[in-house]
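Please look through the model below before reading on; the paragraphs that follow take up confidence, then the order of the elements, then the packing.

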Amino acid sequence: RGMALLALGPSTSSALLHPSRWVAAATALSCTFLQLAGAPPSPPLSVALAAGIVAIRTPACCAADDADHSSHRLSHRVPGCPTCTDPVRALAAALPTCQRSRTILNCRISSRPMDENNPPLVAPSGHVYSKEAIRMLRDARASDSAFRDPHTDTLIPMDSMRRAFFL
């Protein structure tokens, strides 16, 4: 700095030696080094991780990400979903969701796909569960005629369940 002050004079050197110029010079040096080395500006691991998260993330993943509704947020975590786990949630929050042409419904209780062998059933509260999950809930209560809804905590008779059909 002292040599620059002697060579350029006090008026010119103050603008050239301003701290913001050092940040700009460091950024330019980093970009030039990456270009010379043939390296991408962002690490390939983070690009691959973001692409993988976008491919498997759905609108149901962490749907309620509000700090005000913490109990509601916990109920929207899909069991077995890698994007709903704590380490990945922060990365997935800023990424878009994937548009899929084919939908697979997974039960929120059993985490198994709902299909013709494990059909989706709708409770009077509007929640959808698989037939296998309802059997598990019914067996846990040791009753053949009713089960306890895990979201509303009400007792639901088996004959009030309706089969759901999706196109």
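**Confidence along the chain**

In this predicted model, helix α5 (residues 70-75) has the lowest mean pLDDT among the elements of the protein chain, at 44, while strand β3 (residues 120-122) has the highest, at 93; pLDDT is the predictor's confidence in each residue, from 0 to 100, and helices (H or I, at least four residues) and strands (E, at least two) are DSSP runs, numbered from the N terminus. Over residues 64-75 pLDDT stays under 50, and for this stretch the model has ten contacts (heavy atoms within 4.5 Å) beyond four places in sequence. Where pLDDT is low, the predicted coordinates should not be read in detail. For the protein chain, the mean pLDDT is 79, with 78% of the residues reaching 70 or more.

The numbering of residues starts from 1 along each chain as its sequence is written. Local features need pLDDT of at least 70 and side-chain atom pairs count only at pLDDT 80 or more, whereas totals for chains, interfaces and linings use all residues, and side-chain values use heavy atoms, with hydrogens and water left out.

**Elements and packing**

The protein chain holds seven helices and seven strands, which run from the N terminus as α-α-α-α-α-α-β-β-β-β-α-β-β-β. Of its 167 residues, 21% are buried, that is, under 20% relative accessible area with a 1.4 Å probe, protein chains only.

Phe-147 touches residues including Ile-134, Leu-137, Ile-156 and Met-161, not counting residues up to four places away in sequence.

Key
Buried < 20%, exposed > 50% of the residue type's maximum accessible area, 1.4 Å probe, protein only.
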